[in-house]
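Open the model in your viewer and keep the selection panel at hand.

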Amino acid sequence: MALINCKECGKQISDTAKICIHCGAKTETAQKLRLNRKDAIIATLVAIAMIAIVIIGMYYVKTSNPSYRYSKEAIKILENYKDNAITRKQAIRELNSLSYQVKEESEKKDNDTSLFLLYTKLGVISLKIELEEVDRIDINDYIEELKEF
């Protein structure tokens, strides 16, 4: 610990003192600490803002993805079928209609792979329901697969 002269009164004070014990003036140490706190607050706010932007961007990318939207719609159809809210024929009709929409979207997007895979998956599910090869309990497996899109 060294002694330095106060810039206001010129008397000697510790170089670690935040204020002069003689006149009460703030020292350079106090000003540096205040600047360091401001920098830390600004850095924290910038980091929080960047994290928020990344999270919002990831959410936007996922929800704007057609595969995500169509798979959500297919999941609703399957859940309604599983809960007996719609009949087997209604489920087949709705899945086939959705499958057709997915196929059209896939063709618009130069045969987008994820859309094509979803189109194929919807066709398989619809066919299995039509052939009564799927028990309502097995629907959960298909719902889980569709959540991956």
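Contact here means heavy atoms within 4.5 Å. This is a predicted model, in which local features need pLDDT of at least 70, side-chain atom pairs count only at pLDDT 80 or more, and totals for chains, interfaces and linings use all residues. Residues are numbered from 1 along each chain as its sequence is written, and side-chain values use heavy atoms, with hydrogens and water left out.

**Stop 1: Leu 146.** Select Leu 146 and show its contacts. Neighbours within four places in sequence aside, Leu 146 touches Ser 71, Ala 74, Ile 75, Leu 78, Leu 118, Lys 121, Leu 122 and Ile 125.

**Stop 2: helix 2 and helix 5.** Select residues 66-82 for helix 2 and 139-146 for helix 5. Helices are DSSP runs (H or I, at least four residues), numbered from the N terminus. The two axes lie 9 Å apart, at an angle of about 170 degrees. Axes are lines fitted to C-alpha atoms over the stretch in contact, and angles run from 0 to 180 degrees between N-to-C directions. Helix 2 is therefore roughly antiparallel to helix 5 (the term covers angles over 145 degrees). The crossing of helix 2 and helix 5 is left-handed: the near helix is turned anticlockwise from the far one by less than a right angle. On the helix 2 side, show Ser 71, Ala 74, Ile 75, Leu 78, Glu 79, Tyr 81 and Lys 82. Facing them in helix 5 are Ile 139, Asn 140, Tyr 142, Ile 143 and Leu 146.

**Stop 3: helix 3 and helix 4.** Now select residues 88-108 and 113-130. The axes of helix 3 and helix 4 come within 9 Å and cross at roughly 160 degrees.

**Stop 4: the core.** Which residues of the largest nonpolar core touch the most other members? They are Leu 78, Leu 95, Leu 122, Ile 129 and Leu 146, out of 22 residues. Such a core is a set of buried (under 20% relative accessible area, 1.4 Å probe, protein chains only) Ala, Val, Leu, Ile, Met, Phe, Trp, Tyr and Cys residues joined through side-chain atoms within 4.5 Å. Helix 2, helix 3, helix 4 and helix 5 each supply at least two residues of this core. Helix 2 gives the largest share, 6 residues.

**Stop 5: Thr 113.** Finish in helix 4, at Thr 113. Is Thr 113 buried or exposed? Its relative accessibility is 56%, so Thr 113 counts as exposed (over 50%).

Notes:
Angles under 35 degrees count as roughly parallel, over 145 as roughly antiparallel, 65 to 115 as roughly perpendicular and the rest as oblique.
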